[in-house]
Amino acid sequence: MSLKTKVVSAAKWSAFAEIASKGITPIIFIILAWILTPKDFGLVAIATMVISFSHIFWDAGLSKALIQRQGDVEKTANIVFWTNMVLGVVIYGLLFLSAGFIAHLFKEPLAEAVIKVQGLQIILASLFSVQTALFQKELATLKDNPKYKNLSDNLLFKKAKTEYYNKTFHADKV
């Protein structure tokens, strides 16, 4: 496989991961807007904005570098895991300590507690970032294998074909 093909493949998988992860957020906000009062929704929005900004610092692109890493990945994954964990704990600690100041900036004292609790997702995301990166790397490897080239398309087609067959010929049993 040429370098150009590898770069295009990696870019596609990276773009898919980013779009999927960013696409879920608006859906969650729509659901929260239906459920929460406007004041509560504002608190969640403040905390989410602060947490999203802090994500820039804890990941630092290490997971994406791990996806592109060639050769022995185990040692690199171990280093990235512990680096992300330390960064996650440090960033959460700073966020926890500055939550009162941030709430004061927004003139919303209740935001302090929301930021402190919602900030725990930084540590959780740090725990799973390496596993997610390795999974994305494995998907890219499987995708490049001719044996699995059209695996997802084949599985979807097979499921649709089976459902059609069952509805057409076994409608009395359903």
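This is a short tour of the structure, stop by stop, for you to follow in your viewer.

**Before you start**

The model is predicted, so local features need pLDDT of at least 70 and side-chain atom pairs count only at pLDDT 80 or more, while totals for chains, interfaces and linings use all residues. Residues are numbered from 1 along each chain as its sequence is written, and side-chain values use heavy atoms, leaving out hydrogens and water.

**Stop 1: the whole protein**

Show the cartoon of the protein, which has 7 helices and 0 strands. Helices (H or I, at least four residues) and strands (E, at least two) are DSSP runs, numbered from the N terminus. Along the sequence the pattern reads α-α-α-α-α-α-α.

Of the 174 residues, 22% are buried, meaning under 20% relative accessible area (1.4 Å probe, protein chains only).

**Stop 2: Ser126**

Select Ser126 in helix α6 (residues 120–144). Is Ser126 buried or exposed? Its relative accessibility is 0%, so Ser126 counts as buried. Next, show what touches Ser126: leaving aside neighbours within four places in sequence, its contacts are Trp58, Phe81, Asn84, Met85 and Gly88. Contact here means heavy atoms within 4.5 Å.

**Stop 3: helices α4 and α5**

Two packed helices are described by the angle between their axes and the distance between the axes. Colour helix α4 (residues 74–105) and helix α5 (residues 111–118): their axes come within 8 Å and cross at roughly 165°. The axes are lines fitted to C-alpha atoms over the stretch in contact, and angles run from 0 to 180 degrees between N-to-C directions. α4 and α5 are therefore roughly antiparallel, the word for angles over 145 degrees.

Which residues make the contact? Select Tyr92, Leu95, Phe96, Ala99, Gly100, Ile102 and Ala103 on α4, then Ala111, Glu112, Ile115 and Lys116 on α5. By class, this contact has 8 nonpolar, 1 polar and 2 charged residues. Ala, Val, Leu, Ile, Met, Phe, Trp, Tyr, Cys and Pro count as nonpolar, Asp, Glu, Lys and Arg as charged, and the others, Gly among them, as polar.

**Stop 4: Glu108**

Finish in the loop between α4 and α5, where you will find Glu108. Glu108 counts as buried because its relative accessibility is 16%. Beyond its neighbours within four places in sequence, Glu108 is in contact with Lys39, Leu43, Ile46 and Ala103.

Definitions and conventions
Buried < 20%, exposed > 50% of the residue type's maximum accessible area, 1.4 Å probe, protein only. Parallel < 35°, antiparallel > 145°, perpendicular 65-115°, else oblique.
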